[in-house]
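Student: Can we go through this model together? I'd like to start with the aromatic side chains and then move on to a pocket.

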Amino acid sequence: MNYRKFTVYDVLLYIALAAFCFFTLYPFWSIVVISFSTPQAYYNTQYHFYPQQFSLEAYRNNFADPQIVRSFIISVLVTVVGTANSLFWTMITGYFVSKRNLAFTTLVFTLFLITFFFDGGLIPNFVLIRQLGLRNNLLSIILPFTINPFFLILMKNYFSNRSKEIEEAATIDGANEFTILFRIVAPTSRPILATIGLFYAVFYWNNWFWPMIYLSEPNLFPMALYLRNMVSTTATLGIDPGDLTSQNPATIRAAAIVLTILPIIAVYPFVQRYFVHGIMLGSSKE
Amino acid sequence: MAITVSSRTSLRKQPRMIANKIIRDIRMNKLLYLLILPPVLYVIVFHFIPMYGVIMSFQDFSFRKGYFGSDWVGLKHFVWLLENPSFRQAFVNTITINLLRILVGFPMPIILALLINEVRHHYFKRTVQTLSYLPYFISWVILAGIFNDLLARDYGAVNSFLASIGLPRIDFLQDPHVFPWTLVISEIWRTVGWGSIIYLATIATISSTLYEAAEVDGATRLQQILHITLPTLRPTMVVILIINIGNILRVGFDQVYNLYNPLVYETGDIIQTYIVRSFSINPNFSRLAAAGLLESTLGMILLLTANHVIRKMRNGEGLY
């Protein structure tokens, strides 16, 4: 590290980056502040740096609604089951297509690669789910997303690059593929599994679109869709959210937003390095 | 003569030999093939059946008759779409919004990466970086909820600020001339940090001796950026730019669908929002499948072309 003087440029640089952090954080911070304010205080203030009149009323209102509690539980369930299912099958498929000495690896990999470039689109997928009888079934927002081709490619690249010596030694010792995959490969691939698992978890947690298409019974709605319906009643009608006539007072909406964001923000500082790891894996092939 | 005979026998033998080889391969790796059976079944059911389903764009599809019984109508739906003003508008909007996004948004992560790289306090650097990725993981449902408050005309923080310094209030979400810019800027806000990771990683590979030598020669920090850092970043920039262009038809749905409203359809409606909105109002399944097919086919061509260009540039090393 060289010891340059702290010049006027450095001062400008730090100010610019501090401003950048402020603009990144303020939208989130303001929504937290609004969620802890009374509706009256919300309408009387333009900037939300701290709650003018502290109140837990918005949260009390949200928790009084049995639907939001149910939606939260459904989101947790779908995220946990979906991520486990996706990770399990992505790992198995990635392991299979990373084997060079098998007859069908290229064929299987090509099948998945095609899905990366082309999909049938909304309507044929909807027709399929309807004909499978999966409408208004939570499986409809888990099963179709089992293997994401992009994460499969990451997985395959990782497995192709790891050294095969331990696996070969295990084979000589009489271990079968099942043992090798779950007792040797999986435990030593923890970083990539964590990375891909987290991306899957974010996907399932944030997913609102497919639930909107496949589910019509409100008591099955996950949190993201519940929130969308709450937010979009104001958005699609073109009502100013500050408008007193809007259906859901801004403070209640803010509290629902905070509850939806909370799980992501809570784990984010601890897992963000895995996300960064993921994008590096995806981009550095050379 | 001898050559002809031997080649004829090998031709006859080959299929059987290959079959034997495959059978031996399956027998030896029974367990692996057993494990791959569910994923293959999955990809066929959940991906290839819907792909086959796009044939409904050439039919008048009805659930009662199914894919095999519905009447064929040729290109009727495509003609209808291409003559339909709202669809054409959505098509133009998709390209306009995404080109604007690339034009304005492309340099931003590079600038941020250069700025972050200049910071010498490790702790400050890490904090800025960590914060900058955060919005990328928040869905547009939530962000739309936040922006609806922030950008509101009468109560929002941004307009209150504009008014307080004597500028006119702006209807970010309801003025059709402003709305595309709202989309562009809010998307930059969401992705600039995430986009800077790749550039920062490339910068990290530059040997510090280059900078030290430049400093000995009396180069200023700006000169070091212009002559050392930026040239190193150029290959990465080109790849990212090509990927962005390849994705022009594919991105933006979540954002637009959560932020737009009837007042801004003329400039904000994109192909996917057109499809989804029509689907929830009055679905003509075949026509919407045709719209989807148009979009995904053009999108695929763009993406494959982008990959091809990158492969050419990197001497055979494509992205996929």
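Tutor: Bearing in mind that this is a predicted model, we can begin with Tyr260(B), which counts as buried because its relative accessible area is 3%, under the 20% limit.

Student: And Tyr257(B), buried or exposed?

Tutor: Tyr257(B) is buried, with a relative accessible area of 9%.

Student: How many aromatic pairs does the structure hold over all chains?

Tutor: There are 55 aromatic pairs over all chains. In one of them, the rings of Phe151(A) and Tyr200(A) have centres 5.0 Å apart and planes at 75°, so the pair is edge-to-face. This pair links distant parts of the chain, since Phe151(A) lies in helix α7 (residues 149–161) of chain A and Tyr200(A) in helix α10 (residues 190–206) of chain A, 49 residues apart. Both Phe151(A) and Tyr200(A) are buried.

Student: What about the rings of Tyr257(B) and Tyr260(B)?

Tutor: Their centres are 6.0 Å apart and their planes are at 40°, so that pair is tilted.

Student: Which ring does the charged end of Arg130(A) sit over?

Tutor: The charged end of Arg130(A) sits over the ring of Phe63(B), 3.6 Å from its centre.

Student: OK, new topic: how much space lies in the second largest pocket?

Tutor: The second largest pocket holds about 940 Å³ of space, and 29 residues line it, with Phe23(A), Leu150(B), Val158(B), Ile185(B) and Trp189(B) lying nearest its centre.

Student: How do the residues of that lining divide into nonpolar, polar and charged?

Tutor: In the lining of the second largest pocket, 26 residues are nonpolar, three are polar and none is charged.

Methods. Residues numbered from 1 in each chain as written. Chains lettered and ligands numbered in written order. Predicted model: local features only at pLDDT ≥ 70, side-chain atom pairs only at ≥ 80, totals over all residues. Heavy atoms only, no water. 1 Å grid on protein atoms, 1.4 Å probe; cavity = no way out; pocket = protein on both sides within 12 Å on 5 of 7 lines; lining within 4 Å. Points joined across faces, edges and corners; volume = space filled by probe spheres on them. Nonpolar A, V, L, I, M, F, W, Y, C, P; charged D, E, K, R; others polar. Phe/Tyr/Trp six-rings, centres within 6.5 Å; stacked < 30°, edge-to-face > 60°. Helix = DSSP H or I, 4+ residues; strand = E, 2+ residues; numbered from the N terminus. Buried < 20%, exposed > 50% of the residue type's maximum accessible area, 1.4 Å probe, protein only. Lys NZ or Arg CZ within 6 Å of the ring centre and 35° of its normal.
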